[in-house]
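Me: Can you walk me through a structure? I have it open here.

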Amino acid sequence: MRIAVTGTHGSGKTTLIGDLVAAHPAYESVAEPYWLFAEDGTPFAEEPSIDDLEQQLARSCRLMLEEATGADVIFDRGPLDFLGYLDVVSAGEGFEWLPDGRLLRRIGRALASLDLLVFVPLRAVDEIAGPIELPALRAAVDRRLKTMLRDDDLGLLGNGPRILELTGTRAERLARVTAAMDGG
């Protein structure tokens, strides 16, 4: 099964992926594009920028369509994450970032290559006790992702994967994704 885990920063995506891979060791885990670029030595701005996010969006699509094409893969982030960040960051800079038709088709193909899209929204009572980096951005991206996933306002999910929105404890989240992987 091909799975992407999506959500704003500090929502529990990477923790969930670690739990999934521990429970299902046959699955390949693919790090989010930011960390893959960091491993390659690609420098990024201190705060998210349009250029950096566009690079990560392109890499996310390339990972799903050309690089990590195995049958049992879990992606940390997917194209929708970067669309959410691009929308919020561009609005903060005073303009509306819009993908062109070619990019939307590529994103649609990347999403269609998935079997399951797991969304980890922020919880009403934050799970992270310590300080969160860029909390206003985090909350705004979470709101944008909720709209994109619940309303499909970009029209990208009609031919895409099944969507599973997670709530609950760490163990409950793992159990729900495992049940979805087993066909439930």
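Reply: Below are some notes on strands, a helix and backbone angles. This is a predicted model, where local features need pLDDT of at least 70, side-chain atom pairs count only at pLDDT 80 or more, and totals for chains, interfaces and linings use all residues. Residues are numbered from 1 along each chain as its sequence is written, and side-chain values use heavy atoms, with hydrogens and water left out.

Me: Which strands does β4 run parallel to?
Reply: β1 (residues 2–6) is joined to β4 by four bridges, and four bridges also join β4 to β5 (residues 162–165). Strands (E, at least two residues) and helices (H or I, at least four) are DSSP runs numbered from the N terminus, and two strands pair if DSSP finds at least two bridges between them.

Me: Which residue in β4 is the partner of Thr6?
Reply: Phe119. On the β5 side, Arg162 stands opposite Leu116.

Me: Are the β4 side chains buried or exposed?
Reply: Leu116 and Val118 point one way, Leu117 and Phe119 the other, and all are buried. Buried means under 20% relative accessible area, exposed over 50%, partly exposed in between (1.4 Å probe, protein chains only).

Me: New topic. What does Asp81 touch?
Reply: Asp81, in helix α4 (residues 79–92), touches Val5, Thr6, Gly7, Lys13 and Leu145, leaving aside residues up to four places away in sequence. Contact means heavy atoms within 4.5 Å.

Me: Why does Asp81 count as buried?
Reply: Because its relative accessibility is 0%.

Me: What about phi of Arg77?
Reply: Near 85 degrees, a positive value in a residue other than glycine. Arg77 sits in the loop between β3 (73–76) and α4.
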